[in-house]
Amino acid sequence: MALPLKYNYRNVLIRWRTTLFTVIGVAAVVSVVILLKALAKGIESSSARTGEPGNILVVRKGSQAESGSLVTRDQFRTLQFFEEIDRNAAGQPVVSAELVMIINAPRRAAPGSANTLIRGVTPRGLELRPKVTLVEGRWFQPGQREVTVSKKLAGRFEGFEVGGIIRAGPDRLRVVGLFEAGGSAFDSEAWMDADEARAIFDRSEMYSSILLRPRDDAAMRSLTNRIAQDKRLGLRAEPETEYYSKQTATAVPFNILAGLLGTAMSVGAVFAAMNTMYANVASRTREIGTLRVLGYSRAAIVVSFLIEGVLLSGLGGMVGCALSLGIYAYVVARGVTFGTMDFQSFAETVYQFRVTPDLMALGLVFSLVIGLIGSFLPALRAARLPVISALKSL
Amino acid sequence: MSSADSQGTPSPSERRHRASGITIPGFVLKNALRNGRRAMLTVLSVAVSCALLVTLLTLQRELTVPPESEAASFRIIARNKVSLAQPLPARQRSTIEKIPGVRQVSPFTYFGGLFRDETTTSWAQFAVDPARFRELILEGKIIEGSYDAWVKNRNGCMVGADTLRRYGLKVGDKLRFTGTFYPVDLELIIETVYAGTIDDRNCFFHHALLDQLMDDWGMVGTWYMMADSAESVDGVIEGVNAAFENTSAEVRAETERAFQLGFVSMFGNVKMLFGSISAVVVFTLILVCVSTMSMAIRERFRELAVLKALGFRRRELFAFILAESFGLSMLGAFVGIGGAWLFWSTINLQKLSQGFLVYFEVTPRIMATGGIVAALLGIVAAIGPSVSVARMSVVSGLKTLD
């Protein structure tokens with residue numbers, strides 16, 4: 001026969017002081033793990049949200065990021081007349097040759113400066129990215145030194161607000177509008193006219209990448225193969241979504257850190273939980289003897305103490321989840337964004353950290369495992385107490 | 001008794017202990033270890049937390065404080081004002097050379113190629129002018145091959161000793177790099193090996209080779225220069241910045257140190273992230289210790305009441321508790337910090353992290369920080385239980401069960 005659950009939760013509540021310490025300890029571990037994972041998740045989801053399913057991105061073979069890719073004008077001339085490319089209502093091929101550059105801009109809140117991406121796009125480029133929407137001001141005019149920047153960047157860099165001036169060496173670019181890109185990688189960019197960008201950055205013969213839309217799936221396959229097989233071109237074509245889903249290297253350190261800290265801190269938490277549970281067993285020696293006399297089996301005692309340990313740490317897990325949700329809500333409400341340097345583009349990636357249900361589930365499971373491991377030995381000890389001497393103890 | 005008398009007049013409490021063969025340190029030690037399992041768990045949890053704290057602080061230092069070299073304060077890096085990714089025209093060299101205080105200048109272009117079949121750039125390659133570069137890395141020593149041979153061989157390169165060891169390379173080996181930023185691939189021969197700089201991982205090759213591969217490119221990544229004295233550094237920086245103002249390629253010059261720190265600042269709020277995690281770790285650590293100490297004291301409430309009844313003063317009881325908690329946490333600190341130090345100095349982290357973490361030096365300062373945290377912890381953990389012991393009346397203490 002099993003001991004009633006009530007026995008456990010009453011015990012947990014009655015020794016509230018030790019319970020509180022253990023709960024807070026476990027909560028700290030769980031929230032650190034969840035929050036670090038949430039940072040990694042934010043980067044990953046920003047990559048996952050970027051790109052339209054039907055689009056193809058063409059970069060130079062061997063380049064790791066768009067900003068480090070070079071596509072010549074000759075290559076673009078060859079490519080733009082491929083018959084696989086779709087045409088828009090006006091009969092123009094839906095293809096956009098773009099230039100991705102890095103500019104160094106002063107930070108708004110903190111001292112120092114950071115790199116940010118500036119993308120030269122064409123009207124076709126805007127058509128190819130319908131998820132990027134204007135939220136303030138207007139789009140840049142072709143032929144003008146104007147930029148429309150991501151709303152998230154506007155909060156991070158000086159001069160990135162509407163009416164502000166962005167300096168690119170001796171050149172000055174006027175900010176005329178803000179856009180939102182739905183949490184995608186474009187939220188870390190500033191956009192301007194492609195031809196103006198090429199003039200400012202001395203890239204008259206060069207682009208960084210080409211974004212295009214094939215007519216249909218068959219055209220997509222044939223175009224990808226055609227580019228891959230043309231050794232002379234030296235280019236690589238892949239679906240835009242696929243290209244971006246691979247750009248998650250920035251998330252790796254956060255995941256490693258979460259794993260490392262999670263392990264080390266949970267070892268500490270297991271010791272703490274063990275301490276608490278041993279003390280619980282020691283202070284309840286007579287009680288345990290009584291239960292045994294009443295006919296509860298050793299197994300029932302083990303299960304009961306395991307449940308108590310799990311209850312204790314599960315409580316900690318829940319507090320940890322609530323804590324990280326609270327921090328998440330605060331961050332969302334304040335509109336705080338995080339930025340880390342992307343080692344591939346050397347520019348700052350701006351992202352929102354995300355506490356998702358699966359991360360909370362992970363945190364909870366984590367806490368339960370801590371409880372199970374921490375209470376295992378104390379539970380065994382409780383079950384092994386000799387009945388008679390247990391009853392005699394004070 | 002007689003031996004105690006012969007040594008002068010001991011205090012009453014001291015006499016009591018000697019009579020029963022118990023000394024105060026012995027009493028504290030016995031108390032601390034009488035629940036061996038708890039003592040061990042406490043020491044271990046403090047040890048794990050201290051090791052974690054030390055590791056975090058070391059990681060933070062590694063990421064935010066680039067190693068300093070003396071020569072770096074004489075060296076200046078000039079990049080395009082737009083950003084590091086924007087090249088500078090090669091013709092700027094003659095102008096820079098004329099600026100007073102400039103002793104030597106060389107192009108310094110980050111190639112960022114992929115070594116062999118690797119998929120990420122695991123170590124850096126720079127295109128330089130070897131003849132001029134010699135005067136720029138004063139701290140570097142040639143340990144294999146000859147520098148002159150490299151100067152003469154346009155396809156040759158100079159590689160850092162760390163990289164040489166990592167891949168088991170030797171002078172005369174061919175290195176192949178696939179360009180990532182540049183649409184060209186490199187095929188280089190190791191002519192010489194350097195060591196003794198703050199970063200013995202890099203590969204340096206002829207800028208002339210890059211120019212040739214890029215069809216007379218006429219651009220450089222950055223300028224790397226050396227001032228002739230510490231006093232002229234500021235003048236050189238101002239001179240270089242002013243020289244190209246309002247040209248198509250404006251320049252931003254700064255000391256190598258400032259340049260490195262600027263690079264570090266691009267990581268974002270790394271410092272804040274590590275700071276807050278460390279704070280959480282310390283907080284958890286305190287909780288664990290406080291909870292263990294109060295557990296140990298509560299178990300012993302009756303005994304402490306007996307001690308009080310015997311005439312021990314509050315101060316003495318506090319000293320007992322403090323000594324126990326302080327001792328346990330310092331032992332934990334010793335195990336944890338010592339363990340972390342031993343671990344990080346033994347394993348080859350550079351190899352494990354694929355060159356991302358190089359030094360990971362657990363400095364005395366960091367170890368001292370860990371020790372101070374543990375000491376404070378031992379003291380803080382003793383306060384709560386001591387207060388409740390001080391407040392308890394002997395009678396109620398004696399009545400306590402459990």
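**Reading salt bridges in a predicted model**

Q: What is the relative accessible area of Arg232(A), and is this residue buried or exposed?

A: Relative accessible area sorts residues into buried (under 20%), exposed (over 50%) and partly exposed in between (1.4 Å probe, protein chains only). At 71%, Arg232(A) is exposed. The model is predicted: local features need pLDDT of at least 70 and side-chain atom pairs pLDDT 80 or more, whereas totals for chains, interfaces and linings use all residues. Residues are numbered from 1 along each chain, chains are lettered from A and ligands numbered from 1 as written, and side-chain values use heavy atoms, without hydrogens or water.

Q: Which residue forms a salt bridge with Arg232(A)?

A: A salt bridge is a side-chain nitrogen of Lys or Arg within 4 Å of a carboxyl oxygen of Asp or Glu. The partner of Arg232(A) is Asp230(A), and the closest N and O atoms of the pair are 3.8 Å apart.

Q: Where do Glu98(A) and Arg119(A) lie in chain A?

A: These two side chains meet in a salt bridge with an N to O distance of 2.9 Å. Glu98(A) belongs to strand S3 (residues 95-106) and Arg119(A) to strand S4 (residues 113-121), so the pair ties together parts that are 21 residues apart in sequence. Strands (E, at least two residues) and helices (H or I, at least four) are DSSP runs numbered from the N terminus. Glu98(A) is buried, at 0% relative accessibility, and Arg119(A) is likewise buried, at 1%.

Q: Which residues are linked with Glu98(A) and Arg119(A) in a network of salt bridges?

A: The network of salt bridges also takes in Glu66(A), Arg129(A) and Glu189(A).

Q: Which salt bridge does Arg132(B) form in chain B?

A: The partner of Arg132(B) is Glu97(B), with the closest N and O atoms 2.5 Å apart. Because Arg132(B) lies in helix H6 (residues 130-133) and Glu97(B) in helix H5 (residues 92-98), the pair ties together parts that are 35 residues apart in sequence. Arg132(B) is partly exposed, at 21% relative accessible area, and Glu97(B) is also partly exposed, at 36%.

Q: How many salt bridges does the structure hold over all chains, and how many are counted between chain A and chain B?

A: The structure holds 37 salt bridges over all chains, while the count between chain A and chain B is 0.
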